[in-house]
Amino acid sequence: MMMKLLLVKEKCKEFYTKYDIYINPVLKFALALTALWMLNDMLGYMPRLGSLPVMLVVALLCSLLPAGAVVLFSAIFMLGHIYGLSLEAFVVCFALFGIMLFTYYIFKPGDGLVLVLVPLLFWLKLPYLAPLVVGLCGTALSAAPAGFGVLIYYMILAVKQNATVLTESETGSMLTRFQMMVDQIITNRAMMVMILAFAVTVVLVYVIRRLSVPYCFKIAIGVGAVAELAVILAGRTMLEVSRTNFTIPEIVIGVAVSALLSLVLEFFLFSVDYSRTEYVQFEDEDYYYYVKAVPKLTVTPPQREVKRFAVNQKGRERGLSETVDLAGDVKDLMEKDRIY
């Protein structure tokens, strides 16, 4: 079974290496289209932005541009939908989004797709997968974009839940609606618990996977999953978060499924063969170096060899003439037998 999985892994790797120039645009197109579809499903307050032709054109444009274009167009569509609902919500979300992006590009530029992937995983009911994947593929500072992704999702959720109040002019003055939006986003205890859990999980997974111990990636996933579960349950109790936001069965099942999916990712990207670990020592003019080298777990796919046999025309003629001569010799022998 393991050999078959390794063969599948090698074939996938070979296929991606051969056609990555085509696969990467397709992946960016799918990510952009899914993100725009999510925004239209959760918000959808500006019909023009939610039309399928517009989303297809924007997703196609994102496939031709760098990955940061997915984040840019997703932000434009999100703010556009919010503006179609309420000016007050648009101003609050625009200010928070601007502060968040400014802080993000100062501390951790380069992980922009995390800002899109985290809300997308929340929408797909797999939020606990995000910090495990970010910890495996990113750095400790990747906890910042992961937390901002949680903030973006809860910002969208707050607008959706208060859409009726924001559209009614009888609910109070503009200042009152501003204050309501700020309170709904900033003082959301469920959001605070998730941001803390994501930050702790990302840092733990990153630190453990960097250790020079056998099976560090698998240990990191296990410890990260347990830490994520513990922080969420502890925060749920200490901050008295509503049980409608966090139910224990949903949390346990979600974390378990996320850990299994992370192990699948670890197998395809980070699996190594610890039985062939090598220790190398060398030096230069200034330092001695002690290196531990662990080869990746790979297998060579079986190759079929086809041997071709070609017969020279002269060889055929020579063989034919030899056959004829042999037949003549036999005839001569028979005639001699008759004489005697």
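## Basis of the model

The model is predicted, so local features are reported only at pLDDT of at least 70 and side-chain atom pairs only at pLDDT 80 or more, whereas totals for chains, interfaces and linings use all residues. Residues are numbered from 1 along each chain as its sequence is written, and side-chain values use heavy atoms, with hydrogens and water left out.

Helices (DSSP runs of H or I with at least four residues, numbered from the N terminus) can be checked against an expected span, defined as 1.5 Å times one less than the number of residues. For helix 13 (residues 248-269), the 22 residues should span 32 Å, and the end C-alpha atoms are 31 Å apart, which agrees. For helix 4 (residues 68-85), the 18 residues should span 26 Å, in agreement with the 26 Å between its end C-alpha atoms.

Helix 4 is mostly covered, with 13 of its 18 residues buried, where buried means under 20% relative accessible area, exposed over 50%, and partly exposed in between (1.4 Å probe, protein chains only). The buried residues of helix 13 include Ile251, Val255, Ala259 and Phe267.

## The salt bridge

With a salt bridge taken as a side-chain nitrogen of Lys or Arg within 4 Å of a carboxyl oxygen of Asp or Glu, the count comes to one. The side chains of Glu266 and Lys218 form this contact, at 3.4 Å from N to O. The pair links distant parts of the chain, Glu266 in helix 13 and Lys218 in helix 12 (residues 216-238), 48 residues apart. Glu266 counts as buried because its relative accessibility is 5%, whereas Lys218, at 41%, counts as partly exposed.

## Loop residues

Glu285 is placed in the loop between strand 1 (278-283) and strand 2 (288-293), strands being DSSP runs of E with at least two residues. Its relative accessibility is 80%, so Glu285 counts as exposed.

Lys125, in the loop between helix 6 (112-123) and helix 7 (129-137), has a positive phi of about 65° although it is not a glycine. Lys125 is exposed, because its relative accessible area is 69%. Tyr215, in the loop between helix 11 (189-209) and helix 12, likewise has a positive phi, near 55°, and at 46% relative accessibility Tyr215 counts as partly exposed.
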